[in-house]
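Here is a short report on one protein chain.

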Amino acid sequence: MPIYEYNCMDCNEIFSILQWSSNQSTECPKCGSKNIKKKLSSFSCSCSIDSSSGSSRGSSNSGFSSGG
Ligand SMILES: [Zn+2]
């Protein structure tokens, strides 16, 4: 389930809410205000670089043009 972070505009409370429905009424759990803003979820990109042993041997073909 997606968890969204909200920031209350009234009391500056930051809370996370499980949003199971798209049109789910969300309000501040602290002051009960509806004046909240959804924060952008800043997830860290953990990209594991797998050392793929790609056997890509580029055969450099040097075109030697003799004479001409
Ligand atoms: Zn609040």
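Helices (H or I, at least four residues) and strands (E, at least two) are DSSP runs, numbered from the N terminus. The model is predicted: local features need pLDDT of at least 70, side-chain atom pairs count only at pLDDT 80 or more, and totals for chains, interfaces and linings use all residues. Residue numbers start from 1 along each chain as its sequence is written.

**Overall make-up**

The chain has zero helices and three strands. Along the sequence the pattern reads β-β-β. Burial is judged by C-beta atoms placed from the backbone: a residue is buried if 20 or more others lie within 10 Å of its own, exposed if 12 or fewer, and partly exposed in between. Of the 68 residues in the chain, 4% are buried. Two residues are in contact if their C-beta atoms, placed from the backbone, lie within 7 Å. Among contacts with a separation of 6 or more, 35% join residues 24 or more positions apart.

**The sheet**

Two strands pair if DSSP finds at least two bridges between them.

| Pair | Residues | Sense | Bridges |
|---|---|---|---|
| S1 and S2 | 3–8 and 14–18 | antiparallel | five bridges |
| S1 and S3 | S3: 36–39 | antiparallel | four bridges |

The three strands form an open sheet in the order S2-S1-S3, with antiparallel pairing. S2 and S3 are at the edges with a single partner strand each, so one side of each has no neighbour in the sheet. On average, neighbouring strands of this sheet are turned by 40° against each other, direction ignored. Here axes are lines fitted to C-alpha atoms, for helices over the stretch in contact, and angles run from 0 to 180 degrees between N-to-C directions.

Specific residues mark the pairing. Glu5 stands opposite Ser16 in S2. Towards S3, Asn7 stands opposite Lys37, and Cys8 has Ile36 as its bridge partner. The hairpin of S1 and S2 has five residues between the strands, and Asn12 takes a positive phi near 60° there.

**Gln19**

Where does Gln19 lie? Gln19 is in the loop between S2 and S3. Why is Gln19 classed as partly exposed? Because 15 other C-beta atoms lie within 10 Å of Gln19. Leaving aside neighbours within four places in sequence, Gln19 is in contact with Pro2, Tyr4 and Gln24. Gln19 and Tyr4 are 15 residues apart in sequence, and their C-alpha atoms are 6.7 Å apart in space.
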